[in-house]
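Please read this briefing alongside the sequence and the model. The points below are grouped by topic.

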Amino acid sequence: MGIVLELRDIRKSFGSEVVLDHLSLLVPEHTATALIGASGSGKSTLLRCINLLETIDDGQIFLDGAEISDPLIDVDQVRRKLGMVFQSFNLFPHKTVLENITLAPIKVQGKSRDEAIEMAERLLKRFDLSDKADQYPDRLSGGQQQRVAIIRSLACNPRLLLLDEITSALDPVLVNEVLSIVRDLKSDAMTMVLATHEMGFATQVADEVCFLESGNILERGSAEQVLHNPQHPKTQEFLRRVHQAGRL
Amino acid sequence: MTESKNSAWSPSSREIERRNSRRAMSRKHTGIAVASSLIVLGTLAIVLVTSPGWESVKSTFFDVDYGREVLPKVIKGLWINIQLTFMGGAAIGVIALALALMRTTKSPALTPFRFLATAYVDIFRGAPLILIILLVGFGVPALGLKGISGNVIFLGTLAVVLTYSAYVAEVIRSGILSIHPSQRAAARSLGLSSGQTMRFVVLPQAIRRVVPPLLNDFVSLLKDTGLVSILGVTDAVRAAQINASRTFNYTPYVVAAILFLLITIPMTRYTDRAIRQRTQAQNSEGAT
């Protein structure tokens, strides 16, 4: 089993504020890594650094063994291999669901229109959204929009899928329809890194759980270890607070 | 279950009471509106008609027979204004879009263009249009270039296009800047290049957003084409001027004004409606 992603000693700061500090991470193929931690612990920044939306200050990032933190790298090429789903969906409001999904396959991967549409329709059918193909995003519920956003990423056949708190902007009743897609992807052996506040969900899909605090991974291990038998006092404190908020 | 309840619904006595009092209230409001309009507009009319110079104003500005006589000439001039508006409008759209893109680009190779575009916008947005018309109208012929030197219609349009391109470029640029960075992030993370992101994601949304203000500029453009008359173009304003100065009767100006209004008022109404629809669409869109 190869290593898809390797982060080596990453550092990232915004001005004087250090957001990621000597952070290292290995993501093997077909595994899901969950990043947990309080807001501001650096989860989103980490994901944005991985797909080069942010430039790291130090350290190295490797994708399939090739360094992508090299400034001479073609970022568009790198991003073709990475899928990213955002907390706020970020669908293109002027395009229909089908157009949202087929844009990158046609313009980036050079697929024919028919080919792209066929694949998009197959994905929409698989995730039960066939009837929404010609709708505009604002006619969809939040859960449907986020499912479309996931499909949009999948349409590019990503090597690695980055999920940035994809249920945080959703009504509690809509969370599950989105999470069930991720469970599906997990059973398809998709390699994923996900920042999440849903501990129950992390337990279900994550092979490794990393607890972030002030830009560092304080504790890592299987979901069982980190979520149910945390060793670090900060992890214990965090999980206690999550528990009080009723999310475990 | 709720449906059967709905179909059996008839307003309660309290609701009927409320409706009656709302109706009474609206009747009262209509009455007040009519009365106040009669008082205000009536007073204005009386002041106008009883003013000492009214008779001479009536004959020199509102001479119906003379107005009818000059109408065809003024309409012929107005046709020039309309042509200038549409041809100029097309050129403005193209140039303004190029300027806006130049000003928003981050590509290092285009740095000189970004600088030039900024300077261009500063100059042409900051100088009065009438000065630009005079400078272009008399300055360009002095260059002695073949073909265009003597053509006042071309020179006048050129001046208007130069100035309006700067205005419209800023409107388009503000539209581009108003698109949330998350849209760009989403497009880039799908692997679209920055050019593709601009073309397929940012620009289509930006243009949609600025259509109402652009319609406003289009109305202004039509009016401002009247300024090219100072170069001797026989547009509606010039046609009116020629006739007025021949007879010392100013009715042609009033005719020209009415003709402009006949076009601009419907356009303004349409623009207002477009703005209203745009606002509603944005509100339903929420954060994006």
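**Briefing on the predicted model**

Leu221(B) is found in helix 9 (residues 194-224) of chain B, where helices (H or I, at least four residues) and strands (E, at least two) are DSSP runs numbered from the N terminus. This is a predicted model, in which local features need pLDDT of at least 70 and side-chain atom pairs count only at pLDDT 80 or more, while totals for chains, interfaces and linings use all residues. Residues are numbered from 1 along each chain as its sequence is written, and chains are lettered from A and ligands numbered from 1 in the order in which they are written.

**Surroundings of Leu221(B)**

- Leu221(B) counts as buried because 23 other C-beta atoms lie within 10 Å; a residue is buried if 20 or more other C-beta atoms lie within 10 Å of its own, exposed if 12 or fewer, and partly exposed in between, with C-beta atoms placed from the backbone.
- Not counting residues up to four places away in sequence, Leu221(B) touches Thr85(B), Gly88(B), Gly89(B) and Tyr164(B), a contact being two residues whose C-beta atoms, placed from the backbone, lie within 7 Å.
- Leu221(B) and Tyr167(B) are 54 residues apart in sequence, and their C-alpha atoms are 11 Å apart in space.

**Chain A as a whole**

- Chain A has nine helices and ten strands, and 44% of its 248 residues count as buried.
- The radius of gyration of chain A, 18 Å, agrees with the value near 18 Å for a compact globule of 248 residues; the radius is taken over C-alpha atoms, and the globule rule is 2.2 Å times the number of residues to the power 0.38.
- Along the principal axes, the C-alpha atoms of chain A fill a box of roughly 55 × 45 × 40 Å.
- Of the contacts in chain A between residues at least 6 apart in sequence, 66% join residues at least 24 apart.

**Domains of chain A**

- The domain assignment gives domain 1 (3-81 + 159-244) and domain 2 (93-157) of chain A, with bounds that come from an automatic or database domain assignment.
- The C-alpha centres of domain 1 and domain 2 of chain A lie 25 Å apart, and the contact takes ten residues from each of these domains.
- On the side of domain 1 of chain A that touches domain 2 of chain A, helix 6 (residues 172-187) of chain A gives the largest share, four residues.
- That side of domain 1 of chain A divides into seven nonpolar, no polar and three charged residues; Ala, Val, Leu, Ile, Met, Phe, Trp, Tyr, Cys and Pro count as nonpolar, Asp, Glu, Lys and Arg as charged, and the others, Gly among them, as polar.

**Surroundings of Ile151(A)**

- Ile151(A), found in helix 5 (residues 142-154) of chain A, counts as buried because it has 22 C-beta neighbours inside 10 Å.
- Leaving aside residues up to four places away in sequence, Ile151(A) touches Ile101(A), Leu123(A), Leu124(A) and Phe127(A).

**Contact between chains A and B**

- The contact takes 19 residues from chain A and 19 residues from chain B.
- Helix 2 (75-80), strand 6 (82-85) and helix 3 (97-107) of chain A each supply at least two residues of the side of chain A that touches chain B, a side with ten nonpolar, four polar and five charged residues.
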